[in-house]
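Student: I have a new model to look at. Can you walk me through its features?
Tutor: Here it is.

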Amino acid sequence: RVFELLPFFWEQLPTFWKQPSAVDGNDSRRARIAIQLAIGLVYYLRLSSDSEGTGASTTRKAFASVVDREVVLEEGIEAVMKQALESFVTTEHFRFPQGIALTQALRENIFVIVACVISRIPLGIIGTP
């Protein structure tokens, strides 16, 4: 699934990254961010998040430290995922009914749904919203 998502993130990264100039023309950086996002979507977001909704559980932190050692980038996978979620799932890109809070869990679900639908990857979201 990681390899199926790489083309999506490679192509779409400049369109939703907060600083498109940081990835345009820098193929090495763009590839590393695309790899982190694909790994993050497939594995990182599956791990349970903390009860406060910030997404930084002990399990996620441990997984992130392993990925950060292997995919060397200035920002770690946690920072890359956070930036992607915050720049992709916004009120500019999606319409939300009044009164709907744009929480971390909602951002994660929308991000995963869009990436999987465009990449034609089956998806099952299980658990309370």
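Tutor: Start with a term. Helices are DSSP runs of H or I, at least four residues long, numbered from the N terminus. And keep in mind that this is a predicted model.

Student: Where does R120 sit in that scheme?
Tutor: R120 lies in the segment after helix 5.

Student: Is R120 buried or exposed?
Tutor: Exposed means over 50% relative accessible area. R120 has 77%, so it counts as exposed. Its backbone deserves a look too. The phi of R120 is near 60°, a positive value in a residue other than glycine.

Student: Now the inside. Which residues touch the most other members of the largest nonpolar core?
Tutor: A nonpolar core joins buried residues through side-chain atoms within 4.5 Å. Here the largest one has 33 residues. L5, F9, F16, W17, L37, L41 and F111 touch the most other members. Two or more residues each come from helix 1 (2-16), helix 2 (27-42), helix 3 (58-70), helix 4 (77-88) and helix 5 (104-119). Helix 2 gives the largest share, seven residues.

Student: What does L5 touch, leaving out residues up to four places away in sequence?
Tutor: L5 touches A38, L41, V42, A115, S119 and I121.

Student: And the surface: which residues form a nonpolar patch?
Tutor: I113, V117, L123 and I125 do. Together they have about 340 Å² of accessible area. I113 belongs to helix 5.

How values were computed. Residues are numbered from 1 along each chain as its sequence is written. This is a predicted model: local features need pLDDT of at least 70, side-chain atom pairs count only at pLDDT 80 or more; totals for chains, interfaces and linings use all residues. Side-chain values use heavy atoms; hydrogens and water are left out. Buried means under 20% relative accessible area, exposed over 50%, partly exposed in between (1.4 Å probe, protein chains only). Contact means heavy atoms within 4.5 Å. Patches are made of residues with over 30% relative accessible area and no salt bridge: like charges are joined within 9 Å, nonpolar side chains (Val, Leu, Ile, Met, Phe, Trp, Tyr) within 5 Å. Accessible areas come from the Shrake-Rupley method with a 1.4 Å probe; for residues, only the protein chains shown count as cover. A salt bridge is a side-chain nitrogen of Lys or Arg within 4 Å of a carboxyl oxygen of Asp or Glu.
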